[in-house]
Amino acid sequence: GRANRLRHRFKHYVDAPALADKVISMLEGRETDRPFFIWTHFMDCHLPYVSGKGRKWFDETAQHLDALNYPSDIDPTAAFRPDRPKSAEDWQAVSALYDASVRGVDKEIGRIVDALDIMGLGKNTWVVIAGDHGEELGEHGDLGHNFVFYEHSIRTPMMFRRLGEKKQRTGGLATSLDLAPTIASLCKFEKLEDCVGSSVCGEAVSERPHVVMETFFGGNCLFHLRPIYLGVRNHRYKFLWKEWRDPRDKLTPDEPELYDLKSDPEEKNNIFRPDHPALPPLRRAAAERLAEIPEISSERIVNAFGEDGRSAIAAFRHEN
């Protein structure tokens, strides 16, 4: 009801319309004889999902819902509830509000792009849109984003736009590490020698056989006390491994996971078995990544991956 909406009229962060206003103001007030770089972080697609401007943001939510063919009378504050949704109807409401928040952010990014073009800057300015994480909406029983490597959490947008550029899409396996090298390449900067990633426009990404991910399950990076979590993804399979399950991790199983993303894109069927034919190159990639991390001892790597671990350590020492 109205009382519930008024209780949640104050947001947890600056909203997308306000951020877009600020960026456009900076463009209008820039020094025209100097190049510029502007960065901003839109938070509206984080919990609690909101779409709209100012303290009466919820008045605009119905418009976004309606444009997406959702019922416009969904409670716009449903995602403020402290507990996870319990019924299918509640999950659907929260999912719809997330979509509305994405549409709201998209609208504000569009305002920035339009402003650039109106100012005559579109042909000489790269607009870069990148996400730092995805969002789970109940696919594996959780809401929001936690320290898991399922597709809903790790598959994020990375787009580069300049007026007049020919549209193209890479089929390679890219990561956020490729963001800075790609910007440098597009802007004709000198090669960034210290960057681990590569430009998504080049062969290094299009021919990349796999990507590796690592994390701890929240908190700080106490390598000697906490289990490291690894994920390796190629064009078809994803291998998820952890040293052991963090006591705070109530979301993932103890055992390793292997998913066939071609036949099981939602990662519902764990097909892991130690002798699975897809596993050897994924295990080697995981062991090689551990060997690159100085805080991880050789003993831990060998305990985890046996001969693959010993080979990874030897190869790393030989190369360095």
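## Overall picture

Among the contacts in the chain with a separation of 6 or more, 56% are between residues 24 or more positions apart, where contact means heavy atoms within 4.5 Å. This is a predicted model, in which local features need pLDDT of at least 70, side-chain atom pairs count only at pLDDT 80 or more, and totals for chains, interfaces and linings use all residues. Residues are numbered from 1 along each chain as its sequence is written, and side-chain values use heavy atoms, with hydrogens and water left out.

The chain has 9 helices and 8 strands; these are DSSP runs numbered from the N terminus, helices being H or I with at least four residues and strands being E with at least two. Taken along the principal axes, the box filled by the C-alpha atoms is roughly 60 × 55 × 35 Å. Of the 320 residues, 40% count as buried (buried is under 20% relative accessible area, exposed over 50% and partly exposed in between, with a 1.4 Å probe and protein chains only).

## Where H3 meets H4

Let's start with a helix pair. Helix H3 (residues 58-67) and helix H4 (residues 88-118) have axes that come within 9 Å and cross at roughly 100°. That makes H3 roughly perpendicular to H4. Here the axes are lines fitted to C-alpha atoms, for helices over the stretch in contact, and angles run from 0 to 180 degrees between N-to-C directions; under 35 degrees counts as roughly parallel, over 145 as roughly antiparallel, 65 to 115 as roughly perpendicular and the rest as oblique.

From H3, the residues taking part are Thr 61, His 64, Leu 65 and Ala 67, and they meet Ala 96, Leu 97, Ala 100, Arg 103, Gly 104 and Lys 107 in H4. By class, the residues of this contact divide into 5 nonpolar, 3 polar and 2 charged. In this scheme Ala, Val, Leu, Ile, Met, Phe, Trp, Tyr, Cys and Pro count as nonpolar, Asp, Glu, Lys and Arg as charged, and the others, Gly among them, as polar.

## Backbone details in the loops

Most residues other than glycine have a negative phi, and most peptide bonds are trans. With that in mind, a few loop positions deserve a look. Leu 47 and Pro 48 are joined by a cis peptide bond, with omega about -5°, and Pro 48 sits in the loop between helix H2 (16-28) and H3.

Asn 69, in the loop between H3 and H4, has a positive phi near 65° and is exposed, with a relative accessible area of 72%. Lys 188, in the loop between helix H6 (179-186) and helix H7 (203-206), has a positive phi near 60°; Lys 188 is exposed too, at a relative accessible area of 70%.

## The second largest pocket

Rolling a probe the size of a water molecule over the atoms shows where empty space is left. The method uses a 1 Å grid over the protein atoms alone: a cavity is a set of points where a 1.4 Å probe fits but cannot get out, a pocket is an open set with protein on both sides within 12 Å along at least five of seven lines, and lining residues have an atom within 4 Å of a point. Grid points are joined across faces, edges and corners, and a volume is the space filled by probe spheres set on the points.

The second largest pocket has a volume of about 1,800 Å³. Of its 50 lining residues, Thr 40, Val 127, Val 128, Ile 129 and Ala 130 are the closest to the centre. Two or more lining residues come from each of H2, H4, strand S1 (127-130), helix H5 (151-154) and H6, and H4 gives the largest share, 9 residues. The lining has 29 nonpolar, 11 polar and 10 charged residues.

The largest has a volume of about 90 Å³, and its lining includes Phe 147, Tyr 229, Trp 241 and Glu 257. Strand S6 (229-233) and strand S7 (237-242) are the elements giving two or more residues to this lining, with the largest share, 3 residues, from S7.

The second largest cavity, about 40 Å³ in volume, is lined by Arg 5, Phe 58, Thr 61, Ala 62, Leu 65, Ser 72, Ile 74 and Pro 76. H3 gives the most to this lining, with 4 residues.
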